[in-house]
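Here are my notes on this one, in the order I'd go through them. Have a look at the model first, then read on.

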Amino acid sequence: FGDGSGLQPGPNDTGAPDFFIPAGAEGHTETMSFPMSSQIPRRGLTFLVANHMHYVGTDMRLWVERGDQSPNTGEEACLLHTPSWDFDWQQFYFYDAESDNAPYIYPGDTLWMQCSFDNTLDNPGAVRALDEAGLDSPQDVYLGDGSLSEMCIAVLGQVFDVTLTA
């Protein structure tokens, strides 16, 4: 986006940020930011989180950087981290916490997500995708919904504070 949020410049971009994982790339990352200032007018309790990548993905981290309306301005809070990613881990993860201890996201916070990818034959997930497609060498990977394309998606379940008056 024009304000610098959204997909961030990556290690293999040749101009504007591009979701692209070259064949043979190991440790490739794609990073996204999403400022919450204009999206939510009040704090929201996060009760679940889900992540989604395909076969070339190896690690995903979702965190919030605290803004000026948070009691912990400047700090970071991890919402989800799935190192050693497995395609079969795609599900909703509920926080096992009382409301006072569950993560809140405040207006002014910035949500960050970073996915790591290994597009080599050393990655069993990439080999699985290539086998399914009848291929034997890594292919360039772009954003898409096929097994030889990739995604880096997070879903949050939130309940927002609403003042009730009688």
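1. Of the chain's 166 residues, 41% come out as buried, meaning under 20% relative accessible area with a 1.4 Å probe and protein chains only. Keep in mind that this is a predicted model: local features need pLDDT of at least 70, side-chain atom pairs count only at pLDDT 80 or more, and totals for chains, interfaces and linings use all residues. Numbering runs from 1 along each chain as its sequence is written, and side-chain values use heavy atoms, without hydrogens or water.

2. On secondary structure, I get 1 helix and 11 strands, in the order β-β-β-β-β-β-β-β-β-α-β-β. These are DSSP runs, numbered from the N terminus (helices H or I, at least four residues; strands E, at least two). The C-alpha atoms fill a box of roughly 65 × 35 × 25 Å along the principal axes.

3. Contacts next (heavy atoms within 4.5 Å). Taking those between residues at least 6 apart in sequence, 76% join residues at least 24 apart.

4. The whole structure has 1 disulfide, defined as a pair of cysteine sulfur atoms within 2.5 Å. Cys 115 and Cys 152 make it, with their sulfurs 1.9 Å apart. The S-S torsion is about 80°, so the disulfide is right-handed.

5. How buried are the two partners? Cys 115 is buried at 0% relative accessible area, and Cys 152 is buried at 6%. Cys 78 is in no disulfide; the nearest cysteine sulfur, that of Cys 115, is 13 Å away.

Note on methods: Buried < 20%, exposed > 50% of the residue type's maximum accessible area, 1.4 Å probe, protein only.
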